[in-house]
Amino acid sequence: MTGAQTTSAASVHGRTDADDRLVFADETLASLQTRCGGDLPGVIAVPELRELVSKTRRFKARLAREIRAFDGETHIRTWAEASPDRSGQGCLISLANWRKAAASTNPESDELRRNACDRATADAIVRLDKSQAVIHAVGEARDLEAVIAAMNEGQGTLWTEFVELEGVEHQQPLHWRLLDGARARVERSGRHFTTRLLPLGRTDPGSEGFELLLIADEPLPAMDDIQHIPAATPEPKDGLSGELGPVLRQPISRIIANAETIRARLAGPLADEYSNYAADIATAGQHLLALVDDLADLEIVESEGFTTAPDAIDLIEVARQATGILGMRAREKQIDLVLPSDTAKHPATGEFRRVLQILLNLIGNAINYAPPGTTVLIETGARQGSATISVTDSGPGMTPDEAKRVFDKFERLGRSGDGGSGLGLHISRRLAEAMGGDLSVQTAEGEGARFTLTLPLNPKS
């Protein structure tokens with residue numbers, strides 16, 4: 001347990017150089033730097049502050065966040081701002097609302113340090129409610145993209161439905177203490193993970209629920225090693241598809257998670273109007289996050305020499321994963337997603353995650369525009385040496401002119417209020433073409449639409 005908390009209103013200042021070394025600091029910051037094992041001048045000894053300064057220097061933009069530190073005796077929380085200095089090489093640091101609480105010799109202090117370390121090294125962080133159902137998930141590891149998308153689509157589902165726990169055969173949910181530290185595997189990842197379940201009430205009194213951390217036992221290998229396939233064109237390092245994307249996604253994801261916590265009244269009783277307001281914030285955040293992802297994908301597919309990493313895939317298996325991710329959304333709208341038989345296989349050549357991305361877009365659109373109580377039909381076939389998979393809905397359909405424009409960039413066919421960016425189908429067609437295939441539509445006004453993805457056949461099939 002920590003002792004009484006004290007707060008200082010005075011600002012604390014420092015300055016770093018082009019190598020993110022702390023070269024000047026007020027007495028308070030200099031003392032923290034030394035107590036945390038650093039030197040002055042020297043590399044910043046507080047990891048969260050070092051990360052903030054590094055991003056500020058790289059992006060040449062003013063950034064701010066709350067940071068936490070532990071110097072062996074005292075827990076410190078402060079609001080940190082970093083901005084480029086006049087030379088454009090280093091950064092100016094300003095720390096405000098400096099709060100500290102003395103740590104006793106209680107073993108819980110060691111637990112706090114361990115939790116902070118695990119949180120900093122986690123490959124994915126998932127907010128859970130008190131029943132261990134998913135509220136929101138964030139993470140940047142490539143091999144966790146599919147499971148994070150599935151968790152965010154399957155909000156309200158137990159987190160144990162999305163991972164394979166090793167040596168845990170009892171019916172879920174188990175008490176959180178029995179799952180804290182369990183070993184897990186995730187589909188489409190060759191790595192092993194350790195799970196940590198951190199009760200929110202310990203760090204935020206009055207809150208209910210948990211923070212789930214997925215911590216890999218080994219670093220993420222190169223894409224070649226994960227997929228066992230030829231490498232795709234390296235994605236750009238700058239812009240939304242590079243390092244700027246995570247900088248934007250993290251605060252947006254935190255806004256969504258906090259809004260969902262308020263909406264679900266996990267922090268305590270709340271009037272309906274405020275819960276509804278929090279729901280609006282969460283929805284707007286989801287739309288903004290989707291726009292960031294769409295713009296990042298657009299940047300990638302329109303980069304010079306963009307290619308994909310071809311592999312032998314089964315279109316039926318990809319479709320099953322897509323319908324699994326979108327199943328809850330379909331059920332909420334009373335729409336049946338109909339797949340070919342469970343024993344069917346349909347081999348093709350394409351990059352698994354890109355084909356999954358296309359099908360998520362096509363099936364998601366079908367769910368959005370199909371009337372409640374109808375069916376979205378997913379069918380496979382073959383056409384002149386190519387494999388095909390089609391998504392058919394019974395929605396409003398399109399006129400011939402709209403069908404010609406539906407794949408254009410930012411084309412939304414006059415729709416408004418659905419949060420779409422008008423980029424999904426454009427990106428999907430570019431991805432299909434990059435894999436040696438195509439994406440087409442057959443439609444008539446008032447008769448629904450049938451989108452067909454065509455890919456090369458797997459030569460070994």
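Colleague: How many residues does helix H10 have, and what span does it reach from its first C-alpha to its last?

Modeller: H10 (residues 315-332) has 18 residues and reaches 26 Å. The expected span is 1.5 Å times one less than the number of residues, and the value found is close to the expected 26 Å. Helices here are DSSP runs of H or I with at least four residues, numbered from the N terminus. This is a predicted model, in which local features need pLDDT of at least 70, side-chain atom pairs count only at pLDDT 80 or more, and totals for chains, interfaces and linings use all residues. Residues are numbered from 1 along each chain as its sequence is written, and side-chain values use heavy atoms, with hydrogens and water left out.

Colleague: Where does H10 bend, and by what angle?

Modeller: The bend lies at Leu-326 and is about 55°; the angle is taken between axes fitted to the seven residues ending there and the seven starting there.

Colleague: Why is Tyr-277 called exposed?

Modeller: Exposed means over 50% relative accessible area, buried under 20%, and partly exposed in between (1.4 Å probe, protein chains only). Tyr-277 has 53%, and is therefore exposed. This residue is placed in helix H9 (residues 272-301).

Colleague: Which residues of helix H1 are buried, and why are they said to share a side?

Modeller: In H1 (residues 27-35), Leu-29, Ala-30, Leu-32 and Gln-33 are buried. They cover an arc of only 160° around the axis, so they lie on the same side of H1; the arc is that of the directions from the helix axis to the C-beta atoms. Exposed Glu-27 and Thr-34 are on the face turned away from that buried side.

Note on methods:
Helices (H or I, at least four residues) and strands (E, at least two) are DSSP runs, numbered from the N terminus.
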